[in-house]
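Subject: Structure for your review

Dear colleague,

Please find below the structure that I am handing over to you, followed by an account of what was found in it. I would be grateful if you would read the two side by side.

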Amino acid sequence: RPRMSNTTAPAPAPARHRHKKRKNTSLDVDAVRALVERRVRESQASSSTTSCSMALKGFELATKDALCALLCAATSGAVRSLNISGALDELEASDIISAFATTAWEVDELSLASRRELFARVDEDDVLGFMRALVRARRINMSKCNVTCAAAAALARALMEENPLRRCESVNLRDNDVGDRGGRELRRACDANGDIVECIVTNNSVMASEDVERIREACHKNRRASLARVALRRRAASGNLLEALSLRKMDLSDLDTPVILACIDQDCSVTRIDVRDNAFTEMGLRALLDALRIHEGAERVVSINVSGNPGFGTAAARELVGYAAANYVRANPCTEALKSVSDRNLGDDGAVLVAAALAERSTSVMAFGVHHNDIGPAGCIAIVNALMAKHNALRELAMYSNRMGAEGAKSVASLVASSDSLNVLDIGGNAIGDAGCDAIARALRDSSALHELHLDHNGITAFGGQALLAALEDRRRRGVPPLRSIWLHGNNVDDVLTGRIMRMTSGAIAVMDGDVTLQRAMESLPSPPSSEDIARAERDADQVNVTQPADSCSLANRIAARVGAEYRARCSTHYKSTRGTAVVAGIVARDATLPAPHDLVVLSLGVGTKFIPPGVATAIALQSQSDVMDGVAINAWDAHVHDSHAEVLARRGLLRTLYREIDSYARNCSSTLLEPRSDNARLMLKLSVTLHLYVSTAPCGAASAGPKGCGVQEWMNGAGIAAAQHCHSSPVFDPRWFGACQKGTNDDDNREAPPGCVVLTKGASSALSVPGRALSCSDKILRWNALGIQGALLSHFVDPVRLTSVVIGRKYDYDRCRFATCCRALTTQNAHSAFTHPAMLRSGVKLECNAADAASGLRQLAGDGDESISWALGEGGASSHDGRTGTAIGGVGTTSLCSRVVLWHQFLGVVDAIRAGSPAALSVPEVDGAWTYPSLKRASKGYMRARDALFSSL
C-alpha cells in the first residue's frame with residue numbers, strides 16, 4: 001500500500017467557460033454604402049450638425065473595393081471622423097495602401113490603429129503614395145501598425161512636400177518600430193512644417209530619446225503659433241477690432257505664454273485678451289505677468305480676463321489684471337466712471353498697481369470707477385491717496401461693491417473734504433458701517449462741491465444716520481448749498497430718519513429743455529446698418545429657419561436677426577464689449593406691401609436691466625420740485641427714468657417715433673406708419689403695417705418663472721404669421737404660475753417670486769401711479785396688448801396701437817409666456833376680453849458676440865451693466881443713461897432721452913402744430929384745470945377707464 005503524503009493534494013481548478021471570439025460581420029460594397037447611409041441619417045436625426053463620426057467596431061471589410069466604397073461614402077456623407085481599426089485585418093497590406101492612394105476621399109480624423117504588418121512587403125514608392133494620401137486627414141492614428149523607419153521617413157517626406165490637399169496637423173505613431181533614421185526625418189518634418197502641432201512617437205524602443213524630445217518641442221512650438229493664428233484669424237473675421245482676442249478654452253497651460261505674446265506681436269490692435277477656462281496655475285499667471293512687463297508692445301493690453309483658470313483668485317491673477325488695468329489708466333482720458341476699470345477682480349494687489357498708474361499720470365482723470373473689484377481697505381487707501389495727490393479735476397468717483405470698510409471710508413472722507421471738484425461719490429455696498437458713515441458726514445461739513453452721495457447697502461444704522469443728518473443741518477445753518485441727493489436704501493435706518501435726511505437735500509436735477517435733448521439725439525452721428533449687415537441678418541435667419549424649430553416661423557427669426565443687426569450698428573460700442581448677458585429689445589414694423597428685406601424696419605431699441613430702487617424712487621417723488629418747461633409745470637420726478645428694462649426703453653423709443661409721425665401728419669398730412677381713421681378725427685396704424693416686439697430673453701415677472709407648460713406650436717410656413725396664432729383659445733392655466741409683480745426684492749418675504757420681482761398680493765392696481773412700484777415687464781406687456789402700446793397721452797390722437805407678435809429668445813415657454821403677457825387678462829371679468837391675441841413666438845437667432853459668454857461672472861470685458869441704452873427711428877446714435885439713478889451717467893449732463901420730460905415736450909409740439917392751423921382734422925385735448933403730465937393722462941378718459949378696469953381684476 002502506498003505511503004500517505006503529509007501534504008494535501010491541490011483542488012482541481014474550476015472549469016472555465018471559454019467564450020468563442022465573435023466573428024466580425026463582413027461588409028461588401030453594397031453593405032458598406034448602406035451602413036454609412038444609415039449611420040449618417042441616425043446622427044443627423046439626433047443632432048443639429050450635418051457631420052458625424054463613424055467607427056466600424058464589429059465589422060470587417062471584405063475586399064479592397066469595399067474599402068474604396070467606404071472612403072467615397074464617408075466623404076459624400078460628411079463623415080468627420082472615421083475609425084476603421086480592426087476592420088482591415090482581412091485585407092492585404094498592399095490593397096489597403098492602394099485603396100487610400102487611388103481613391104478621392106476626405107475626412108478630418110482617420111484611425112488605422114492596430115493593423116499589424118501594414119507596411120510588410122510593400123514597395124517604397126507605394127508607401128510614399130500612401131503617406132501622401134493620408135496627410136489629407138487632419139489627425140492620423142497609426143499606433144500599433146508596425147511602422148518602420150522607411151515608412152516614417154516616407155510620412156516625413158509627405159509632410160514636407162508642397163501639396164494643396166495636405167491638411168495633417170496630428171500624427172500618432174505610438175507603439176511602432178520607428179528607429180533613429182525615422183526619428184530624425186520626423187524631427188525635420190516638424191521643424192519644417194508649422195502645421196504639425198502633435199506627433200506622438202512614444203514606445204518606439206529603438207528611437208533616440210533626444211529625437212523624441214526634439215519632436216515634442218517642435219510640436220509645442222508649432223501648436224502655440226497655430227493657436228495664435230487661429231485666434232487672430234477669428235478676431236479678424238469678426239470685423240471688430242475692439243473685440244477681445246479670445247483664447248478661451250484652448251487648453252493653454254503654464255508653458256503657453258508665447259501664444260499670447262505672439263498675438264500681441266502680430267496684431268498691434270490687440271488691447272483686450274480673454275484667456276478664460278484654460279489651465280494656467282498661479283505660477284503660469286505669474287510667468288505671464290513677468291513676460292508682459294518686459295515685452296515690447298504689451299503696454300497696449302488694457303484688459304485680461306483669467307477667470308476659470310486654476311490660478312484665478314490668486315495674488316498673481318490679481319496683479320496680472322491690475323497690470324492691464326494700470327495700462328488702461330495710463331492710456332485713456334478716464335472721463336466716464338462706468339467704463340473705467342470696474343469688474344476686474346483687482347483686489348488689493350491689483351488696486352495698488354492701478355494707484356501707481358494714477359500717480360504717474362500728468363493730467364487729472366475726470367471720472368473714475370473701480371467698482372465691483374473686491375478691493376479692501378489697503379487698496380482703497382492707495383487709490384484715494386493717488387487721486388488726492390494729482391487729480392484735482394476729478395468730478396465723479398465710483399467705488400461701490402467693494403469691501404473698503406470703515407478704514408477705507410475714512411480715506412475717502414479725506415478726499416471729500418479736500419476736493420473742490422468732486423460732484424458725485426458712490427461707495428455703496430462697502431460695509432462701511434456707522435464709523436465710516438460718521439467719517440463721511442464729518443467731511444460733508446467742509447465740502448461744497450459734492451452734490452450726489454451714494455451710501456446704500458452699507459450696514460449703516462440710526463447712529464450713522466444721525467451723524468449724517470447733523471452734518472446736513474450744519475451745512476444749512478452755515479449757508480452751504482445742499483446736496484442734490486443722498487442714496488441710503490438698503491441700510492438699517494428707519495423711514496422717519498431717512499425722510500428727515502432726504503428733506504435736507506434739494507432733490508433737484510437739471511431739467512433740460514426737452515427740445516435740447518431731442519435735438520442732440522437727432523443730430524448725433526448716425527450709424528445705421530449697412531446693406532451688407534441687413535443681408536447678413538437675412539442669412540442668419542435663413543440658417544435658423546432650415547431646422548424649422550417649433551413655436552416659430554421665418555418672420556420671427558427675421559425680426560430677431562434684424563433687431564440684432566440694428567443693435568450691432570446703433571449700439572456698436574456696447575455690442576463690441578458685451579459679455580453676452582445684455583438684454584436687448586426692439587420694436588419692428590412690417591409693411592406687407594413691400595418685398596423682403598425692405599418690408600422690415602426697426603423702429604426702436606432698448607438695452608438694459610436696471611430700475612430705480614423702490615425706496616429711492618419714493619424719496620425722489622417726495623422731494624421733487626416743480627419747474628416750468630414750454631410754459632407748463634413739470635418736476636424732477638418726470639426727468640428720471642424710473643424703469644430702464646430693455647422692453648420699457650424700446651417702448652419709450654416707439655413713443656418718440658409715433659410722436660414724430662403724428663407731428664408730421666399734423667403739419668403736412670404725411671406719415672409712413674399712420675393714416676386717418678374713416679371719420680378723420682383720429683389716426684390709426686396703417687392697415688398694411690404690423691408691429692412686432694422682440695426681447696432677447698423672457699420678460700421679467702410671470703413670463704420668466706414657474707413651471708413650464710406643455711403647449712408647443714408647429715413650425716409655421718409662409719412669410720407672415722398664421723391667423724390661428726391671433727385667436728384666444730381657452731387659456732392654459734397652472735395655479736403655480738405667478739400673477740402681478742413689481743420689480744425689486746423683499747428680504748422679509750419668504751414667499752416664492754420670479755427673479756428680481758415681488759408678488760403684488762393686493763393685485764396690480766396697488767402699484768399704479770405709486771412711486772417706487774414699477775410693474776414687471778410681463779405685466780406691462782400685458783397692458784400693452786390689452787390697451788394698446790401707445791399709452792394714455794397718445795390716445796388723444798391715435799387709436800390703440802397693438803402688437804401683432806411677441807418674439808422671445810432665451811427662457812421661452814409657449815404656455816407660460818402667453819399666459820403672463822396676454823391670456824391672463826381673459827381669466828378676469830373685464831371689458832377687454834376680446835382684444836386680439838399677439839402671436840407668441842420663439843427665435844433661435846443669437847444677438848451676442850461669438851466670443852462672449854456669461855459663465856465667468858465678470859464684466860471686465862464689457863461696458864458696465866448699469867448703463868442703459870435707447871434709440872428710435874430718426875435719431876442718430878443711441879443714447880445712454882445710468883439705469884440705477886434714472887439720470888444722465890455721472891449725474892450730470894442732459895436729461896435722459898427716455899424721460900417723461902422728452903415725451904411731454906413732443907406732446908406739446910403736436911398740440912402747437914394743431915393749434916397753428918393743422919391741415920389734419922386732429923383736435924386739441926380738453927383738460928379741466930392746469931395742463932400737467934398727470935392731468936393730460938387723466939383727460940384720456942376712455943384709456944384710463946379701461947386701464948383701471950383691467951388692473952383692478954389682475
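Which residue lies over the face of tyrosine 328, and at what distance from the ring centre? The residue is arginine 344, and the distance is 5.8 Å. Please bear in mind throughout that this is a predicted model.

**Overall composition**

The chain has 954 residues, of which 56% are buried. Its secondary structure comprises 28 helices and 31 strands. Among the contacts with a separation of 6 or more, 80% are between residues 24 or more positions apart.

**Aromatic rings**

Eight aromatic pairs were found in a search of the whole structure. One of them joins phenylalanine 100 to tryptophan 105 in an edge-to-face arrangement, with 5.6 Å from centre to centre and 85° between the planes. Both phenylalanine 100 and tryptophan 105 are buried. Phenylalanine 100 also pairs with phenylalanine 130: the ring centres are 5.7 Å apart and the planes stand at 75°, so this pair is edge-to-face. Because phenylalanine 100 belongs to helix 3 (residues 93-102) and phenylalanine 130 to helix 4 (residues 124-134), the pair ties together parts that are 30 residues apart in sequence. Phenylalanine 130 is buried, as is phenylalanine 100.

Elsewhere, Phe797, Trp904, Phe907, Trp931 and Tyr933 are linked by ring pairs into a cluster. A charged group is also found at tryptophan 931: the charged end of arginine 915 sits over its ring, 5.0 Å from the centre.

Strand 2 pairs with strand 4 (residues 79-83) in the parallel sense over four bridges. Alanine 55 stands opposite asparagine 83 of strand 4.

Serine 43 lies in helix 1 (residues 29-46). Is serine 43 buried or exposed? Its relative accessibility is 18%, and it therefore counts as buried, the cut-off being under 20%. Apart from neighbours within four places in sequence, serine 43 is in contact with Ser51 and Cys52.

Strand 15 (residues 452-454) pairs with strand 16 in the parallel sense over three bridges. Histidine 454 stands opposite tryptophan 487, which is in strand 16.

Helix 16 spans residues 495-503. Its N-terminal end is capped by aspartate 494, which has a side-chain oxygen 3.1 Å from the backbone nitrogen of valine 496. Within helix 16, the residues Leu497, Thr498, Gly499, Ile501 and Met502 are buried.

**Aspartate 256 and helix 8**

Aspartate 256 is placed in the loop between strand 9 (245-246) and helix 8 (257-266). With a relative accessibility of 2%, aspartate 256 counts as buried. A polar atom of its side chain lies 2.9 Å from the backbone nitrogen of serine 253. Not counting residues up to four places away in sequence, aspartate 256 touches Arg223, Arg224 and Asp251.

Why is helix 8 described as largely enclosed by the rest of the structure? Seven of its 10 residues are buried, which means that helix 8 is largely enclosed. The buried residues are Thr257, Val259, Ile260, Leu261, Ala262, Cys263 and Ile264. They pack against helix 7 (209-238), strand 9, strand 10 (272-274) and helix 9 (282-294).

Yours sincerely

Terms used
Residues numbered from 1 in each chain as written. Predicted model: local features only at pLDDT ≥ 70, side-chain atom pairs only at ≥ 80, totals over all residues. Heavy atoms only, no water. Phe/Tyr/Trp six-rings, centres within 6.5 Å; stacked < 30°, edge-to-face > 60°. Buried < 20%, exposed > 50% of the residue type's maximum accessible area, 1.4 Å probe, protein only. Helix = DSSP H or I, 4+ residues; strand = E, 2+ residues; numbered from the N terminus. Lys NZ or Arg CZ within 6 Å of the ring centre and 35° of its normal. Pairing = 2+ DSSP bridges. Polar contact = N/O pair within 3.5 Å; in protein donor to acceptor, adjacent residues only side chain to side chain. Contact = heavy atoms within 4.5 Å.
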